[in-house]
Amino acid sequence: MTIYKIIATVAAAAALAGCHGGKTRDGESARTDSLETAIAIQDTLLATAFGAIETIVANQQTIHDQGEMIEVQLAQKEFGADEAARVASRIAALDTLSRRNRAELGTLLGCTSEGCADLTAHSLQNLLIRITAQAGQQEALIDALRNSLKNKHIQSLAAASSIGTLEQRSREIEQQAQAAGALLHTAYYTDGTQRDLLREGVIDRNGFIGRRLSVNENHSLNGFNSVDTRSFTRMRLTGRDPMLVSTHPATSWRITSDKDGGQWLTISDPAAFWKYTKVLVIAYK
């Protein structure tokens, strides 16, 4: 039973309870309790729906970033069987995320029971349609990556024969939550002087007053360091007057100094720190 059907069942049970309670209370009190129950269930349903949408959007961002890096890798010169297997595993992990998104979107779009009535609101329905269109584009990207890998010239016959098993491997990886989990918790960081980061196109200057620094959203993640957000909680800062150019809640991090005068970025709340972006950019004077 999905969460939405569970909520619908709770709604029905609450309504039934209100009816029986009406036998011992006056009608006005029963109607008030029923209204309060309906509002609480509605709020729970909407919170669940938007929580699911937030997860879907995060998965789509991961698929976009990882797919871009795989495209660059496939554009390189010939590589052997081991490298092909690693690429196939990464593509399969993306496929797992894509399938999860498609299943969740199908549940949200197909939710028609009485307890799910609010999911068919016009604005929410339009949002889900746009996200579904993006899901279709990402499924096409994954197919293109898989076809590109198949067409890649492999140096040895043994490697070529192993391509036939890669599709089966991709299905097996769907059972391996660790691979998909690693992608979900992958973030990227880079640091350098403001001058170097501006020259490389990693950051931009925006606005007329103060010329505020911001991350260039179109810059490739190639050259960035990848980290696991669950374990990456401390980083040594190597320049003067460090500044976080990327967006992270101020309460989730702090800069401290050790006894030798070195400075460190300490992430005290990883979940909040990476909530808005999976890219960390630090600029020095």
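Modeller: A residue is called buried when its relative accessible area is under 20%, exposed when it is over 50%, and partly exposed in between, with a 1.4 Å probe and protein chains only. The model is a predicted one, in which local features need pLDDT of at least 70 and side-chain atom pairs count only at pLDDT 80 or more, whereas totals for chains, interfaces and linings use all residues. Residues are numbered from 1 along each chain as its sequence is written, and side-chain values rest on heavy atoms, with hydrogens and water left out.

There are two aromatic pairs in the structure, a pair being two rings of Phe, Tyr or Trp (its six-membered ring) with centres within 6.5 Å, stacked if the planes are under 30 degrees apart, edge-to-face if over 60, and tilted for the rest. Tyr-189 and Phe-232 make a stacked pair, because their ring centres are 5.3 Å apart and their planes meet at 20°. Phe-273 and Trp-274, by contrast, pair edge-to-face, with 4.9 Å from centre to centre and 80° between the planes. Phe-273 counts as buried at 0% relative accessibility, and Trp-274 is likewise buried at 5%.

Another ring, that of Trp-264, has Arg-234 over its face, at 3.9 Å from the ring centre (a charge sits over a ring if NZ of Lys or CZ of Arg is within 6 Å of the centre and within 35 degrees of the ring normal). Strand 7 is joined to strand 8 (residues 263–267) by five bridges in the antiparallel sense, and Arg-254 has Thr-266 of strand 8 as its bridge partner.

Turning to charged groups, the structure holds eight salt bridges, each a side-chain nitrogen of Lys or Arg within 4 Å of a carboxyl oxygen of Asp or Glu. Asp-95 takes part in two of the contacts described here, with its closest N–O approach at 2.9 Å to Arg-99 and at 3.7 Å to Arg-146. The contact with Arg-146 ties together parts that are 51 residues apart in sequence, because Asp-95 lies in helix 3 and Arg-146 in helix 4 (residues 122–151). Asp-95 and Arg-99, four residues apart in helix 3 (residues 81–109), are instead separated by about one helical turn. Asp-95 is buried at 10% relative accessibility and Arg-146 is buried at 13%, while Arg-99 is partly exposed at 36%. A network of salt bridges links Asp-95, Arg-99, Asp-143 and Arg-146.

A further salt bridge joins Arg-199 to Asp-196, whose closest N and O atoms are 2.8 Å apart. These two residues lie three residues apart in helix 7 (residues 194–200), about one turn of the helix. Arg-199 is exposed, with a relative accessible area of 60%, whereas Asp-196 is partly exposed at 28%.

Note on methods. Pairing = 2+ DSSP bridges.
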